[in-house]
Every structure is written in C-alpha cells, then in structure tokens.
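User: I have a model open and would like to go through it. Can you take some questions?

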Amino acid sequence: MNPDPTPSHPGRRSVLAGAFAIGTGALLSSVLPAGVARAAGGPAIADTNAWGARPSSSPINVLAGVPDKVIVHHTATANVTDYSQAAAFSLARSMQTYQMDSESWIDTGQHFTISRGAYIMEGRHNSLSTLLGGTQHVESAHCTAQNTVAIGIENEGTYSTVDPRSEQYAALVDLITSICRQYGLRAYQIYGHRDFNNTECPGDRLYALLPQLRRDVAARIGGDPTGPVWPMLSSGASGERVKTLQYLLVQHGATLTVDGSYGPATQSAVTAFQNTTHASADGVAGNQTWSQAVAPLARGASGSAVTAVQSQLVAHGIPVTVDGAFGPGTQSGVTSFQNSASLPADGVVDARTWSRLVA
C-alpha cells in the first residue's frame, strides 16, 4: 500500500520547482501522440505511455466501485509561460520522478494532471482506463485519508494570489464533467485539498473558484451544485450534533461515551482523529474534521455511523429504530428527510445529506 502524502508537501513542491527550470528538451508535435483517450465525449487525456512514464514500483491497487468525490490541487510550482505539450509532459515526468524517488511512493500520487497549457495527462497508471470503464478506480496518494475514495487532480502552478489561466480552468471543467458523468458523481462532490488536510493547497484563489467550478460542472450535468456546510463544534457544546460527532469518532475507532456533551474526552478524541487524518489538530470540529469523518452510507451498512443517522432522523421527527443497522426502515426515513430538505431522494446518506442532518 502506497504511503499517504504529508499535509503540505514542502519538499516535493520546492524540488519540482527547481526541476522545471532545467528545460523541456526537444519540442514534441503539437498533435497528441498515440495514447490519448476520451471518456464519454470528454477532453483528450494523454496516458502514461504518451508522456513517457516509468513503470510503477509496485502493482497499482485497482478498487472495485466508484469514488465519491473529486479533490482539486495545485502543484505549488512556478506559473510557467511555456504552454507547450513538451512542457506538460516534462511536468508529468518530473512529478513522477520526485514522488517515486524522494517520497518513495509507488507511482505518481494524483490521478490526473492539467498543465498551464491546458494539456490533461494521466497521473497514476490505470487511472485513465478505470475512468473509461466507469466501475473501478485506483488507490492514489494525493490526500491523506481520502486516497481510496477520491479522484485527485493536480493543476500546474501556484494559485495563492493569482487565478489559473482561463484555458487551464476550462480544461479542469471539462475533465471533472467527464469524471462526474463516468462515475455518476454530482457537482457538489467537488472539493479542494484543504477541505481535508492541513494545507494551503489548492491556493486561496483556486479554492475560491470552487463554487464557480461546481456551478460550471452542474450547468453541464444538472443538479444543485451547493456543497456541504458544516457546523463548528468545540469544548462546551452539547446536543444532537455533538452526539453525531461522537458516534462518527467511535466509528473511526475512538473509545468514547456518546452523551452529547463536548467535554475533555471528546476534545481529545477529535484532536487524535485530526492528527490521524492530517487535519488541523486544534480539537475543534470544523470543515476538515467533518469532511474526514463522514462517509456515504446506504442500505446494508451497519455500525455507529448508522446509529448517528438514525438518531438524527428521530431528532428531525422521523420515526426509525435506532439499532445501527441500515435496513428498509432507515432507508425510508432517509428518503423522507431528503425530500423535506430538497435533496436527491435516493436513500443514500452522502456528505450533503450528512451536512443537512447536522445543520
């Protein structure tokens, strides 16, 4: 299993910035070579063979099922003005070399990379073929605690004080639209790296563009692009939302009494969970903590997280049995709540349903 990245990747970013200054070598043809595919009428994506990737050092783990989100990154490297295909392919090779040789990862960490020149490239091997299939995805190394459930996209450049180039942003919209169509994702399932880990990625300006990105994708695939909004809970808080947090922490392995009171034990459990997931470890349950703690639940699931859902449904006036088993009664209760909250009534507790339950 490949290791997770550190929260901010300071070494990777600085080394890559230096590597790109070396130059891109001989120019390649402006027409993409063999090794290009399009998913569901989406954009052209150059696979690992096209840009000259090394083989992975270990077998790539192909996961059954589809991811539940897309996470946007920036490379935190120079905002280069060489927009050629040659520069794009050099970027992909430099990232893989650093991640494999210095980080000891088995391959490139992210699934896809978009250059400043708007070239889209496969990152980790098999990311493109599984996307084209639409029923599997590969384990990655782009976001701690999300690498088995999220597609990661790196955008070349640093977007703390400037926006991406319009061409690069358009390619990002095209790529995510194709990913959503292939995997059945909704536009609100688009996130930034900092939603999960203690990092500046994808930069203040690119992160600020995420609501627009969701709207632009939703304009193509339909649906409400409004993302989850999480409450801020800290020491001294009490009530049903605290109980939900405690149930979720227990689901993640904490030993904790679920009593609805945010005391020292809950604060300690939150801090420990934040350290494990590379979130900001301040003992306060905010966006990163909730985003890491929740996972989609559907009929057949069981455990403390299901108990949390059932307890919330009862608190919202929907009678269900609180037994930790997601059976037909719970599914019906979830669907009823989703209808009342103007959410897609599919009976699946995804991040947005979670956020409305605890709002």
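Predicted model: local features only at pLDDT ≥ 70, side-chain atom pairs only at ≥ 80, totals over all residues.

User: OK. How many helices and strands does the protein have?

Analyst: The protein has 13 helices and 9 strands.

User: What share of the residues is buried?

Analyst: Buried residues account for 53% of the 359 residues.

User: Switching to helix 13. Which of its residues are buried?

Analyst: The buried ones are A351, R352, T353, W354, S355, L357 and V358. That is 7 of the 8 residues in helix 13, so the helix is mostly covered, with buried meaning under 20% relative accessible area.

User: What do those buried residues pack against?

Analyst: They pack against strand 9 (190-192), helix 8 (240-251), helix 10 (287-293), helix 11 and helix 12 (328-340).

User: Take helix 11 from that list. At what angle do the axes of helix 11 and helix 13 cross?

Analyst: The axes of helix 11 (residues 304-315) and helix 13 (residues 351-358) cross at roughly 50° and come within 10 Å. The two helices are therefore oblique to each other.

User: Left-handed or right-handed crossing?

Analyst: Helix 11 passes helix 13 in a left-handed crossing.

User: Which residues meet there?

Analyst: From helix 11, A305, A308, V309, Q312 and L313 meet W354, L357 and V358 of helix 13. By class, this contact has 7 nonpolar residues, 1 polar residue and no charged residues.

User: Several of those sit three or four places apart. Why would that matter in a helix?

Analyst: An α-helix has 3.6 residues a turn, so residues three or four places apart point the same way.

User: New topic: L175. Where is it?

Analyst: L175 lies in helix 5 (residues 166-183).

User: Is L175 buried or exposed?

Analyst: L175 is buried, because its relative accessible area is 0%.

User: What does L175 touch, beyond its neighbours within four places in sequence?

Analyst: L175 is in contact with P43, I45, F112, I114, I120 and I153.

User: How many residues separate L175 from P43 in sequence?

Analyst: L175 and P43 are 132 residues apart in sequence, while their C-alpha atoms are 6.3 Å apart in space.

Definitions and conventions
Residues numbered from 1 in each chain as written. Heavy atoms only, no water. Axes fitted to C-alpha atoms, helices over the stretch in contact; angles between N-to-C directions. Helix = DSSP H or I, 4+ residues; strand = E, 2+ residues; numbered from the N terminus. Parallel < 35°, antiparallel > 145°, perpendicular 65-115°, else oblique. Left-handed = near helix turned anticlockwise from the far one by under 90°. Contact = heavy atoms within 4.5 Å. Nonpolar A, V, L, I, M, F, W, Y, C, P; charged D, E, K, R; others polar. Buried < 20%, exposed > 50% of the residue type's maximum accessible area, 1.4 Å probe, protein only.
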